[in-house]
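This report describes a protein chain through a selection of its residues and then through its overall form. Please consult the sequence and the structure shown here while reading.

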Amino acid sequence: MHHEIESSTSAVRRGFNAEDAAASIIRWGSELGFQEIGVSDTDLSAGEAGLLDWLAAGCHGDMDYMARHGLKRARPAELQPGTIRIICARMNYFPADAGDAGAALADPHRAYVSRYALGRDYHKVLRNRLQQLIDRMRAAFGDYAFRAFTDSAPVLEVAAAAKAGLGWRGKHTLLLDRSAGSYFFLGEIYTDLPLAPTPPKADHCGSCTRCIDACPTGAIVGPYRVDARRCISYLTIEHHGPIPEDLRPALGNRIYGCDDCQLVCPWNKYAQTSGEPDFAVRNGLDSASLAELFRWTESEFNERLAGSAIRRIGYERWLRNIAVALGNAPASVDVIAALQARIEHPSMLVREHVAWALVRHGTDAIERSASPIVKTAR
């Protein structure tokens with residue numbers, strides 16, 4: 001788990017000023033590469049009813065840990081006893097050197113990888129910076145408790161960040177800011193340091209529904225509600241089994257994550273690119289061909305994606321996702337050859353998706369293969 005636990009005391013130090021301390025932390029955060037820092041109290045009860053309803057509807061899919069943690073997400077002191085403040089931080093991630101996202105999506109022979117995953121694993125980057133911020137706070141304020149999170153524990157991070165004034169919750173459920181859009185990561189530090197909270201910002205989505213209308217699978221089932229079972233990010237990253245056949249065509253060439261709801265958001269015209277070297281594009285993933293990536297061996301996958309968030313899904317799901325995208329691509333000699341090279345892959349999951357992709361390309365493509373697996377899938 002990505003966290004640091006320091007010794008705790010609730011005593012306020014002599015001469016401690018809550019406003020000055022918050023201002024210092026905001027300044028230190030900027031020096032460490034965060035674009036904004038805010039402070040929230042721990043009352044996230046406004047999100048409890050929606051969370052319970054979302055879980056009861058099964059919208060979390062097979063992310064069992066969501067249901068297991070339940071309301072602990074909305075009750076910070078149950079996760080870290082003594083917590084009275086949440087320090088929220090955001091860091092821009094859109095790589096300055098990334099090719100045009102729209103052009104990548106429009107080319108069915110190219111793989112589309114969510115812009116946040118083109119570089120180094122954000123968990124590693126943010127965890128390191130949050131730890132540096134904790135070190136500065138310990139040196140300045142003494143023996144208070146600090147515990148840092150980066151999408152690593154049951155934290156209601158968008159609700160906390162919105163309450164801390166980092167933005168508002170958009171209809172696609174991501175945090176939005178008028179000067180930064182939504183292309184940023186969030187991190188949190190739970191603490192018993194009695195800081196002055198920063199004021200929240202107003203909601204500026206208005207009557208806009210572009211994100212809802214743009215979702216390829218209709219996963220944004222209403223304003224502020226996403227059904228993960230239909231979400232391409234969930235299906236290509238969190239979901240372990242076969243991708244539902246009725247949703248596969250809608251995946252297009254998206255092999256890891258999906259940015260469509262962000263790409264159409266009007267506020268992202270103000271988004272800033274990231275100056276973090278760690279978030280620069282690696283392995284040409286902003287323009288790589290599907291067939292090229294499908295030919296990677298498992299050792300190539302592990303070596304090239306070392307330090308990447310993508311490696312977390314493993315080689316089997318990597319091939320599963322690309323097989324679907326190849327099935328959605330126009331038929332070509334390269335596409336058919338790439339698929340047929342995997343028709344006897346040891347993984348049943350991979351074989352099933354390859355078979356589906358070959359069926360999509362017609363009987364002739366299948367008959368050129370002697371694989372009994374593909375013939376059975378017919």
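Asp97 touches Ala280, Val281 and Asp286, when residues up to four places away in sequence are not counted. The model examined here is a predicted one. Asp97 has its place in the loop between strand E2 (85–92) and helix H5 (101–106). Its separation from Gly284 is 187 residues in sequence, yet 10 Å in space, C-alpha to C-alpha. Is Asp97 buried or partly exposed? With a relative accessibility of 44%, Asp97 counts as partly exposed, because that class covers values between 20% and 50%.

**Two residues with positive phi**

Most residues other than glycine have a negative phi. Tyr224 has a phi near 70°, which is a positive value in a residue other than glycine. Tyr224 is located in the loop between strand E8 (220–222) and strand E9 (225–226). Its relative accessibility is 31%, so Tyr224 counts as partly exposed.

Asn283 also has a positive phi, near 60°, and is a residue other than glycine. The loop that holds Asn283 runs between helix H11 (260–263) and helix H12 (290–294). At 33% relative accessibility, Asn283 is classed as partly exposed.

**Buried residues and their contacts**

Several further residues are buried, a class that requires a relative accessible area under 20%. The table lists four of them with their locations.

| Residue | Location | Relative accessibility |
|---|---|---|
| Phe185 | strand E7 (residues 184–191) | 6% |
| Thr236 | helix H9 (residues 232–238) | 0% |
| Ser308 | loop between helix H13 (298–304) and helix H14 (314–328) | 8% |
| Arg342 | loop between helix H15 (333–340) and helix H16 (348–360) | 15% |

Which residues does Phe185 contact, leaving aside its neighbours within four places in sequence? They are Ala89, Arg90, Met91, Tyr93, Tyr116, Tyr122, Leu126 and Phe279. Between the C-alpha atoms of Phe185 and Ile25 there are 18 Å, and the two residues are 160 residues apart along the chain.

Thr236 counts as buried because its relative accessibility is 0%. Apart from neighbours within four places in sequence, Thr236 is in contact with Leu251, Arg254, Ile255, Tyr256, Gly257, Ile313, Arg320 and Asn321. Thr297 lies 61 residues away from Thr236 along the chain, and their C-alpha atoms are separated by 19 Å.

Ser308 touches Ala117, Gly119 and Asp121, with residues up to four places away in sequence not counted. Its relative accessible area of 8% places Ser308 among the buried residues, although it is located in a loop.

Arg342 is likewise a loop residue. Its contacts, not counting residues up to four places away in sequence, are Phe294, Arg295, Trp296, Tyr315, Leu319 and Val354. One of these, Arg295, is 47 residues from Arg342 along the chain, and the C-alpha atoms of the two are separated by 8.9 Å. Arg342 counts as buried because its relative accessibility is 15%.

**Nonpolar cores**

The largest nonpolar core has 87 residues. Which of its residues touch the most other members? They are Ile25, Met137, Ile255 and Trp318. Trp318, leaving aside its neighbours within four places in sequence, is in contact with Ile255, Leu285, Leu293, Trp296, Phe301, Leu305, Ile310 and Ile313. There is also a second, separate core of 20 residues, which includes Val158, Ala164, Leu175 and Phe184.

**The chain as a whole**

The protein chain contains 18 helices and 10 strands. Its 378 residues would give a compact globule a radius of gyration near 21 Å; the chain has 22 Å and therefore agrees with that expectation. Along the principal axes, the C-alpha atoms fill a box of roughly 80 × 40 × 35 Å.

Of the 378 residues, 54% are buried. The accessible surface amounts to about 15800 Å², and carbon and sulfur atoms account for 50% of it. Among contacts with a separation of 6 or more, 77% join residues 24 or more positions apart.

Methods. Residues numbered from 1 in each chain as written. Predicted model: local features only at pLDDT ≥ 70, side-chain atom pairs only at ≥ 80, totals over all residues. Heavy atoms only, no water. Helix = DSSP H or I, 4+ residues; strand = E, 2+ residues; numbered from the N terminus. Rg over C-alpha atoms; globule rule 2.2 N^0.38 Å. Buried < 20%, exposed > 50% of the residue type's maximum accessible area, 1.4 Å probe, protein only. Contact = heavy atoms within 4.5 Å. Areas by Shrake-Rupley, 256 points an atom, 1.4 Å probe, with all protein chains shown as cover. Core = buried A, V, L, I, M, F, W, Y, C linked by side-chain atoms within 4.5 Å.
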